[in-house]
Amino acid sequence: MSDPNTLANIDQVVTEHLALDLKVDFSKQRLVGNVLVTLKTLVDNVNEVILDTNHLVINGVYEGENPEKALKYTLSEQDPKFGRALHISLASPASANQKIQITVCYETTKDSGALQWLEPSQTVGKKHPYLFTQCQPIHARSLVPCQDSPGIKITYSARIDTPAPLRALMSALRLNEEPEVSGDSRIYRFEQKTTMPSYLIALVVGELEGIEIGPRTTVWSEPSMVKKCAEEFVDTEDFITVGEQLLTPYEWGRYDLLVLPSSFPYGGMENPCLTFVTPTLLAGDRSLVDVVAHEIAHSWMGNLVTTKSWENFWLNEGWTVFIERKIVGRLRGEPARQFGALQGVISLRGDIDFFGHENPLTCLCPRLRGVDPDDAFSRVPYEKGFNLLYYLEQHLGGPEVFEPYMKAYVREFAGKALTTDEWKTFLYSYMEKTHGQEKVDLLDQVDWKAWLHTPGMPPVDNSFDQSLAHACTHLAGKWDKSRETPFEPSPNDLKEFSPSQKVFFLEKVLETQPMPHALLESMDKVYQLSEVQNSEIRFKWQMVCLKAEYQQIYPKVVQFITEQGRMKFTRPLYRALYKCPSGSQLAQETFIKHKNFYHPICARLVEKDLDLVKK
Ligand code: BES
Ligand code: ZN
């Protein structure tokens with residue numbers, strides 16, 4: 001089968017459209033309703049439709065929209081990673097190219113991993129409950145019975161019944177600005193007309209307010225912070241415009257942003273028409289908005305041109321990082337792009353060290369049969385993927401050759417899903433057709449096996465420009481040497497540094513031996529690092545301290561990992577605290593006490609990191 005992480009019979013029948021009709025029940029923390037699934041058969045003699053589900057209760061299945069025409073169904077045993085297959089028997093066998101419509105009545109449960117239900121106390125406003133979903137990679141099946149494979153591209157529509165005064169938003173166009181009112185219910189309707197994979201279905205319900213910040217962009221968040229959000233993300237339209245110049249016209253109509261409560265487990269999530277972002281991006285100085293450039297790049301790479309399975313995830317993320325950095329380069333200059341690439345390599349090395357250089361999951365195209373893609377998540381598809389594309393661009397003759405190819409690639413595969421083999425075949429045929437045998441010879445020089453199917457660091461060490469890194473590396477060197485030859489640090493050392501240079505400086509310090517406590521103390525005193533609110537700087541500083549088992553930092557760490565649940569920060573900090581002999585108990589106790597704060601995906605992974613469950 002083409003996707004090892006789905007239980008659905010996608011080789012026989014594929015979904016075309018989902019029509020959701022759901023009521024949001026905060027008192028029981030569940031969604032109740034039904035989905036009308038429209039499918040098309042691929043082969044003759046199809047007897048059943050198999051859908052993915054995970055922790056859903058199925059209340060009934062019938063043909064079309066007719067409850068009289070009940071269909072027989074069974075649920076398979078629960079697979080701990082992939083859920084339960086819903087086998088629906090068709091009334092009569094279907095031949096190829098036949099349209100099938102099935103309604104499944106269902107409800108979600110407390111264990112549905114896509115959903116996080118927040119109590120009013122877990123929101124900024126403290127008055128209303130809140131619900132948000134996170135479906136990537138394979139959690140859509142716990143939100144709606146579906147063929148939960150990224151290779152299946154669908155359109156969807158939805159009718160969401162929410163309690164007043166809450167608002168619902170989805171990864172789709174809003175059909176009614178103002179809700180239809182019926183008693184205490186508010187009905188919101190949505191439609192996504194561009195085909196997309198199931199992992200991009202997204203829903204949020206809460207007390208939400210929007211401010212328009214661009215011709216196709218509204219920023220949404222809880223009311224008390226929406227102004228701050230609007231100021232942080234004013235550059236959004238510029239990013240989209242550059243994306244359009246680099247690739248093709250923006251396809252999705254709207255590009256809204258939603259700033260979530262602090263337990264949102266990712267930096268950003270590219271839900272179409274409505275990117276989700278973490279509030280830890282709100283630095284106050286727009287210094288962390290590259291995440292938005294990244295999510296915008298997904299509008300083409302991932303959302304339009306989609307990986308066929310999670311084994312080719314790099315086609316989404318590697319390409320997206322590549323485009324994200326092109327956008328940054330166009331808007332802030334080549335040194336900024338190079339600096340991002342340099343930081344990328346460091347983060348890649350960190351993750352490969354963590355997984356192990358021989359670990360097959362560090363291949364660009366890992367095998368994921370029997371593997372939960374959440375457990376395989378790392379910087380590898382992002383940064384090894386970026387490095388492959390960067391290398392290819394250089395090797396094939398630079399942007400003049402590569403940028404037209406990028407456009408052609410998007411045009412060729414828009415609305416489709418593909419594998420790495422198909423990607424490579426198109427690259428060869430494009431280069432041959434456009435530039436002839438010379439480029440084909442160059443492509444033949446590429447060590448494909450090493451790039452795609454060998455664990456560890458990339459086979460080619462791209463050299464990136466060091467101009468923004470130099471001062472950071474130099475200062476970190478001074479601190480390193482100060483173990484023997486003391487120097488007089490001054491607040492001016494960091495004065496000219498941008499926030500990302502401060503992060504890089506700390507990264508370099510982190511690469512050296514653990515710092516003596518006296519040096520950490522003076523570093524903090526002179527640079528005031530413990531007071532910094534910028535989440536990236538705060539994170540790196542705390543990592544530097546934990547590496548040296550500097551106990552004075554523990555309360556600050558506990559504060560940071562319990563006030564936000566972004567996995568990028570939360571997991572490494574928990575792991576580093578746990579690794580300190582004097583901190584392991586604190587790490588476990590803190591997690592147990594705050595477990596309910598975290599998103600289920602984050603909680604499950606931290607639990608493993610802290611040996612609280614068996615791996
Ligand atoms: N699509 C990802 C987030 C994701 C990946 C969710 C895999 C679930 C499974 C998103 O586009 C992303 O990559 N976010 C990054 C930020 C980015 C700037 C690298 C993140 O969350 O850190
Ligand atoms: Zn991404």
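You are looking at a predicted model, in which local features need pLDDT of at least 70, side-chain atom pairs count only at pLDDT 80 or more, and totals for chains, interfaces and linings use all residues. Residues are numbered from 1 along each chain as its sequence is written, chains are lettered from A and ligands numbered from 1 in the order in which they are written, and side-chain values use heavy atoms, with hydrogens and water left out.

Show His-298 and Glu-317 next: both are buried, meaning under 20% relative accessible area with a 1.4 Å probe, protein chains only.

Now jump to Glu-536. With 12% relative accessibility, Glu-536 counts as buried. Leaving aside residues up to four places away in sequence, Glu-536 touches Leu-288, Val-503, Arg-566, Lys-568 and Phe-569 (contact means heavy atoms within 4.5 Å).

Finally, colour domain 1 (308-453) and domain 2 (502-610), whose bounds come from an automatic or database domain assignment. Their C-alpha centres lie 31 Å apart. Eight residues from domain 1 and 10 residues from domain 2 take part in the contact. Across this interface the rule finds three salt bridges, each a side-chain nitrogen of Lys or Arg within 4 Å of a carboxyl oxygen of Asp or Glu.

Methods
Buried means under 20% relative accessible area, exposed over 50%, partly exposed in between (1.4 Å probe, protein chains only).
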